[in-house]
Structures are given as C-alpha cells and as structure tokens.
Amino acid sequence: MKHGTTNGHIPRLFGVVVLAILGTAAGAAALGQSATTSVWDGVYTEAQAKNGEAVYFSQCVTCHGEDFAGREQAPALAGLGFMEKWNRATVRKLFEKVEQMPPTQPKSLAAQDYVDAVAYLLSVNELPAGPAALPNDRAALGRIEIKNVRPQK
C-alpha cells in the first residue's frame, strides 16, 4: 500500500526533510545560545584587566594616550565613539584589530598580552569584570558580542 501517494518514497522523503529541518533548528538554537554572551556578562577578570593595563601603558599609551582619546591617526579606545564603533562586533574582531598593533610590528606581543589588553579596554569602557578570564581562543572570542548598551534582563 502506498498510503495515499502515487510514489511510496514520498512519506520517507517527508520524514527525512522533517528531521533535517528539526536538526537545523536545534543547531541554530545551540548557536544562538553560544552567541548570546555579551561584554555585559563579565567576560574578563579584574586581574586580567590589571595585566592588560601594564601592556597598555608599556605598548599603547604613546599613540592612544593616557586618556584613551587617541592621537593623530590612532583612534580613541574609550568612550561613546569607541563603543559606537564596536557596537554589535565580536570581541574577536576587536582582538584581531588590537593584534595588528603596533602598526610597525603587528603581532609582536604574546597572544595573551593582546587578550589582556582587550580586557583592559573593556574595563576602561566600564564593562563589568566577572569570574572567568577572557579566553585566548579566537572561536570563543567570536561568541562574545560587544554591545554599547546593557541588555535588559
């Protein structure tokens, strides 16, 4: 019996399509959960920001200034303009930009120094610290979104 179809394979094909759709929805939900972390969730530690402060004042201050306002071609690293520029970007994007510094010697620091510097920038932009350090993992950094306004809970 063909269960009301002219082709016995249609019910089986329908089942495969339904399973594929459900699998895609579950995968999207899982991705949605991992992509929901924001900088407002406390994604770095105070100790890490303190390490990043040392990196900033030894490597970045000459161009970006003690007030983080930037100089000539070096952009501001704190304040409304910074938060607007990076709004909806991932921390990975910010990390990759910071990693290109200094412009005359990109990637000349240890990866952990760059991550710590990013943690410091988050702290000077008054984003909260948390219990876990910002990871030194590009994929993990790509799941943390920068938002210029604290999300409503």
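**Close-up views of a predicted chain**

View 1. The chain holds 6 helices and 2 strands; helices (H or I, at least four residues) and strands (E, at least two) are DSSP runs, numbered from the N terminus. Residues are numbered from 1 along each chain as its sequence is written. Because the model is predicted, local features need pLDDT of at least 70, side-chain atom pairs count only at pLDDT 80 or more, totals for chains, interfaces and linings use all residues, and side-chain values use heavy atoms, with hydrogens and water left out.

**View 2. Confidence along the chain.** The average pLDDT (the predictor's confidence in each residue, from 0 to 100) is 83, and 77% of the residues score at least 70. Over residues 1-6 the pLDDT is below 50, and this stretch has 3 contacts beyond near neighbours in sequence, where a contact means heavy atoms within 4.5 Å. Residues 8-34 also stay under 50 in pLDDT, with 4 contacts beyond four places in sequence.

**View 3. Contacts and surface of the chain.** Of the contacts between residues at least 6 apart in sequence, 67% join residues at least 24 apart. Buried residues account for 30% of the 153 residues; buried means under 20% relative accessible area, exposed over 50%, and partly exposed in between (1.4 Å probe, protein chains only). The chain exposes about 9,600 Å², and carbon and sulfur atoms supply 58% of this area. Accessible areas come from the Shrake-Rupley method with a 1.4 Å probe; for residues, only the protein chains shown count as cover.

**View 4. The salt bridge between Asp 67 and Arg 71.** The whole structure contains 6 salt bridges, each a side-chain nitrogen of Lys or Arg within 4 Å of a carboxyl oxygen of Asp or Glu. In one of them, Asp 67 and Arg 71 meet at 3.3 Å, N to O. Asp 67 is partly exposed, at 48% relative accessible area, and Arg 71 is partly exposed at 38%.

**View 5. The salt bridge between Arg 138 and Glu 99.** The closest N and O atoms of Arg 138 and Glu 99 are 2.7 Å apart. This pair links distant parts of the chain, 39 residues apart: Arg 138 lies in helix H6 (residues 138-141), and Glu 99 in the loop between helix H4 (91-98) and helix H5 (111-124). Arg 138 is partly exposed at 32% relative accessibility, whereas Glu 99 is buried at 7%. Salt bridges with shared partners join Arg 92, Glu 96, Glu 99 and Arg 138 into one network.
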